[in-house]
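Please look over the sequence and fold before reading on.

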Amino acid sequence: MANNIEFQLFAPYNQGAALIGSFSDWEEIPMKKGDDGYFRTQVALEDGEYHYKFRVQSRSWFLEPDAWVDIVDPYATDVDSPTQNGVVRIKDGQIIVDTYVWQNDDKPLPPDHELVIYEMHISDFSGGEDDPLERGKFRHVIEKLDYLCDLGVNAIEIMPVKEYPGDYSWGYNPRYFCAVESSYGGSDGLKRLIDECHGRGIRVILDGVYNHSEASCPLTQIDHDYWYHHEPRDPDNNWGPEFNYEHYDDNLDTYPARKFIGDVVRFWIEEYHIDGIRYDAARQMANYDFMHWIVQETKQAAGSKPFYNIAEHIPETTSITGLEGPMDGCWHESFYHCVLAHICGDTFDLEPLKDAIDGKRQGFLGATNLVNYLTNHDHNHVLAELADRDIFDEAAFKRVKLGAALLMTAMGVPLIWMGEEFGEYKYKSIEPSKIEWPLLANDLNQGLLNYYKGLLHLRKTNQALYGENVEFFHENPESRVLAYTRWNDEGSRVVVVANFSDQFLAGYAVPNFPADGTWHEWTGDYDVEVGDRTLMTDLPEYEAKVFVW
């Protein structure tokens, strides 16, 4: 039986629009514009799947005035890659995205301050195994969720999955904002992945690109300057047409770009049950008013479940987060630069090192205001940086472990870039670059993975690491030793003593230790006695000891 299905296109200042589709043999079906700026029409359709597009008279400056162009629905939830047609599915007389049934919506998920985030690129996360299988889809991530649980992460941050041109990209060139990248396995595949994550207590944060779109995004063809800035504001940092969040339409009492991105963000939260968003290029967006508004929209759409909004604002700024700022947290880029320089031996400078470990010194108020990392998709793996300095093998792995100890005990939420936890060594590349799983057969790589597992367990179970308390109680610039303690009011305590020199410091005395008595060294699994508030210990070169009370 056929039901009337409504199609609509928001194009308030365009002269004319029509619907074309497989249901009309691609003949035009006229559309009528209402006072609200929407063109609408109804078509009697039976249940099934149909291809469609809109034909619209463009107002974009780069086309002839009122030229007719065929565009994909900006809100299409599926796009057929070969034909670039929108796909609409009808079931029981209603438009649906897919038929996926959620299984794990009732499972408890960890709050923001308990998170350890794992950043991944869907295609490159799998397929680098010791066999010829391509992999690289959502379902292959599901196959590795047991590995991630064993590692101890409780959130994954997925590089952008909105439909982009071609079959391989980092995803920062979104063309269709409501459609899932087809080469990864479409909407059904993404829902299954998120559902499986929730079943294991893992939150899913999506990387959102709301600063710009890819040049052929349908909005650029409809009426470019209604949604976008006319030209790049900063040509050196331009990745496509930039959304104009300042532009206000008096007639319709709306901010067009905010309306569109608000619709998009609500759609992803409601349809895909995501648990957070990383906002790419927040510094380039440069509109706190919009960011305040979109964050409120996310919290409202997410309801009672936790939702984490993270800005990529490079360099970081305290203004984007905290009490007054719009975002829950931001990427802590200075942590990356400072810690990398210290584990590589490029420098030893206590003040910036303390700033990296204790963000309060930089003006950040809360632990969830900062997301720390040793590297991410925009940087090389740490082993590649060490190799550039002719540091290899055991010496390199020692330094990577030192970095990991700082990452897991600094104030803030730790983030691991895929493969870093077992010693992936490749340089950053925008070409396909799958992580090398066979490395785990090597003792050094397996040892690093086990070290990470131990630290993640500590980070998630010791509440001293959840909060903001950091005290640096011993500083020795000559020997390059720094010691600090993390604690909470319930009596949990963690002490880190780090040697940033290339010297083995035998029988080193650490004065002013937080308490006398028995402490447990976490990474080596042994007990030590502290008396007269002084710890005597051997400190190998480029190594951190982690003591738990």
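Contact means heavy atoms within 4.5 Å. Helices (H or I, at least four residues) and strands (E, at least two) are DSSP runs, numbered from the N terminus. This is a predicted model: local features need pLDDT of at least 70, side-chain atom pairs count only at pLDDT 80 or more, and totals for chains, interfaces and linings use all residues. Residues are numbered from 1 along each chain as its sequence is written, and side-chain values use heavy atoms, with hydrogens and water left out.

**Helix α10**
- Buried residues (under 20% relative accessible area, 1.4 Å probe, protein chains only) of α10 (350-357) are L350, L353, K354, A356 and I357.
- They fall within an arc of 155° seen down the axis of α10, so they line one face of the helix. The arc is that of the directions from the helix axis to the C-beta atoms.
- These buried residues pack against helices α9 (333-343) and α12 (393-409), and against strands β21 (471-476) and β22 (481-487).

**Helices α4 and α6**
- Helix α4 (186-199) packs on α6 (256-272) at an angle of about 65°, with the axes 10 Å apart. Axes are lines fitted to C-alpha atoms over the stretch in contact, and angles run from 0 to 180 degrees between N-to-C directions.
- That makes α4 roughly perpendicular (65 to 115 degrees) to α6.
- S187, L190, K191 and I194 of α4 meet W268, E271 and Y272 of α6.

**G189**
- G189 lies in α4.
- Its relative accessibility is 16%, so G189 counts as buried.
- R139 is 50 residues away from G189 in sequence, but their C-alpha atoms are 6.5 Å apart.

Technical notes: Parallel < 35°, antiparallel > 145°, perpendicular 65-115°, else oblique. Buried < 20%, exposed > 50% of the residue type's maximum accessible area, 1.4 Å probe, protein only.
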